[in-house]
Amino acid sequence: MAEGGDHENVLPYATPSTSTIKPITLKVFTSDPSVFFEELFETGKVTTAGQIKDVVLSRLQLPSNSDVFSLWLVSKHLQLQLKPYHCPCKLFKRWSELLTQFTTASYEDIEAGDEPVLILQRNAFLRIEEEREMLSRLRRPETMAVDQIKMVVNLLYCEARDNVIRGRYPMTVDELHMLAGYQAAINVNLPDTATIDNLRPHLPSLYPSHMLDKGVVTRVMGLLFGSSGIGLEDSIVESYKSACRMREGCDPFYLKILYLQLCWSKPFYGSVMFVGQIEPSTRLIHRVAYQDQPITVAINPDCIHLFDAGQPRETLLYLTYDQLSWAFEPCSEEGENFYSCLWVEFDSLIRTPNGEDQRVAKRIQIYSRQAPMMDAMIEHCVEGINSREAALQQDEGDTLDSHHVWKGRDYQHRKREPQEDKLSCVVIPHDDMQRLTLESNF
């Protein structure tokens, strides 16, 4: 599923109108399917995302200044996080145009209707440590009521659970079993002594599809060849019983915290997922017809990941912002087979023939209609990090150094020693470009 982050330059905002404004009823969902609202807005079709968010937060009895959640427009092919001044009703009318501009959805899919819905979801620019800080307020109820914390954690848990079940987060098999056990103990109304016969109907809601396929194969192999290996069904029973033991004598809410804590340990948690493609290994080009490799680009305020687009997801590349430089290259031609590009450059260690490690620069070219969104989100995240560093240095009485490098600066200033490196966006020249492909060592 294609998702977007910061779109200030592409989305419309509400403007005053002299025409008669007719009230409008809008339905707003949350990550918890059981929690949704229908609200009448007197401002009609010029109602802004900020106004809608304020009403929903009020209904949830959450502080109006909360930055944990944002309003999103979500459909099958595209997800957009809205700024407070964006006007969702205007975006409804432009949705087909946005699908054409930012996705590879076919003409048939667009014409068939890919209607978006309004959802209150996690703010894409919320850092993991900020979530942890929010959770720590449980010990300081004067800052936020416990019931409010529980509501926030429940919505975050539901969203994390959805990302795990849809296979967006690459987890190990043991982690998936543990998370499935937590989820079963939270959401499945079964006794602590439940057997696999009780749990089996719930497996599709507890595991990603690739785990279910693997579980079926393991079970069949066991029946045919008498394999004694522990399969998915045995593992979920053990994980469920373990979670039930943890649940004894405490609020089931505790298991939601454990679920989130495991997700927080993953640097890709909370990432916006963009779709793109890179060139495959050059060694394969002579054997098969040339075709770019589909990938998923995961971006959050702390780092960037490149995942294989298949399931289970494989991590191809992981970089924090102090390890990379990037550049956006708009598409120079029009047509459905022409995409914009995001260039990412980073240092990598290679072993020389004499056995020494040598640092070399590698560059990867990502083709995507969502490259403008990736560029905007990376720039926003980098500016946030630099702002926090500047505030910290000022608090410590230091003066800022002059090593900031921003988009458009001279290319020769890109390479610096790691201890002097500041986050940067540079324009990478087209000459002397060695594009990174799957053949390269990440």
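1. Contacts of Ile186. Leaving out neighbours within four places in sequence, Ile186 is in contact with Tyr157, Pro252, Leu255 and Lys256; contact means heavy atoms within 4.5 Å. Ile186 sits in helix H6, residues 173-187. Helices are DSSP runs of H or I with at least four residues, strands are runs of E with at least two, and both are numbered from the N terminus. Ile186 is buried at a relative accessible area of 19%. The cut-offs are under 20% for buried, over 50% for exposed and partly exposed in between, with a 1.4 Å probe and protein chains only. Ala243 is 57 residues away from Ile186 along the chain, and their C-alpha atoms are separated by 8.9 Å.

2. Basis of the values. This is a predicted model, in which local features need pLDDT of at least 70 and side-chain atom pairs count only at pLDDT 80 or more, while totals for chains, interfaces and linings use all residues. Residues are numbered from 1 along each chain as its sequence is written, and side-chain values use heavy atoms, with hydrogens and water left out.

3. Overall make-up. The protein chain has twelve helices and 14 strands. Of its 442 residues, 49% are buried. Among contacts with a separation of 6 or more, 64% join residues 24 or more positions apart. The chain exposes about 22800 Å², and carbon and sulfur atoms supply 49% of that area. Accessible areas come from the Shrake-Rupley method with a 1.4 Å probe; for residues, only the protein chains shown count as cover.

4. The largest pocket. Its volume is about 570 Å³. On a 1 Å grid over the protein atoms alone, a pocket is an open set of points where a 1.4 Å probe fits, with protein on both sides within 12 Å along at least five of seven lines. Grid points are joined across faces, edges and corners, and the volume is the space filled by probe spheres set on the points.

5. Lining of that pocket. The lining has 30 residues; Ser31, Gln121, Glu159, Asp162 and Arg168 lie nearest the centre. A lining residue has an atom within 4 Å of a point. Helix H5 (146-165) and strands E2 (24-30), E4 (69-74), E6 (117-122) and E7 (272-278) each supply at least two residues. H5 gives the most, with seven. By class, the lining has 14 nonpolar, eight polar and eight charged residues. Here Ala, Val, Leu, Ile, Met, Phe, Trp, Tyr, Cys and Pro count as nonpolar, Asp, Glu, Lys and Arg as charged, and the others, Gly among them, as polar.

6. Aromatic pairs. Rings of Phe, Tyr and Trp (its six-membered ring) pair if their centres lie within 6.5 Å; planes under 30 degrees apart count as stacked, over 60 as edge-to-face and the rest as tilted. This rule gives five aromatic pairs. One of them joins Phe29 and Phe36: tilted, 6.0 Å centre to centre, with 40° between the planes. Phe29 is partly exposed at 27% relative accessibility. Phe36 is also partly exposed, at 41%.

7. The ring cluster and Phe268. Ring pairs link Tyr169, Phe268, Tyr269 and Phe307 into a cluster. Phe268 lies in the loop between helix H10 (253-264) and E7. Phe268 is buried, with a relative accessible area of 5%. Not counting residues up to four places away in sequence, Phe268 touches Tyr169, Pro170, Asn300, His305 and Phe307. Pro301 is 33 residues from Phe268 in sequence and 9.6 Å away in space, C-alpha to C-alpha.

8. Trp72. This residue is in strand E4. Trp72 is buried at 3% relative accessible area. Trp72 and Leu120 are 48 residues apart in sequence, yet 6.2 Å apart in space, C-alpha to C-alpha.

9. The loop between H1 and E4. Ser66 is found here, with helix H1 spanning 49-59. Ser66 counts as buried at 11% relative accessibility. Beyond residues up to four places away in sequence, Ser66 touches Lys53 and Leu57. Gln61 is in the loop between H1 and E4. Gln61 has a positive phi of about 60° although it is not a glycine. Gln61 is exposed, at 59% relative accessibility.

10. A cis peptide bond. The bond from Gln311 to Pro312 is cis, with omega near -5°. Pro312 is found in the loop between strand E9 (303-308) and strand E10 (315-320).
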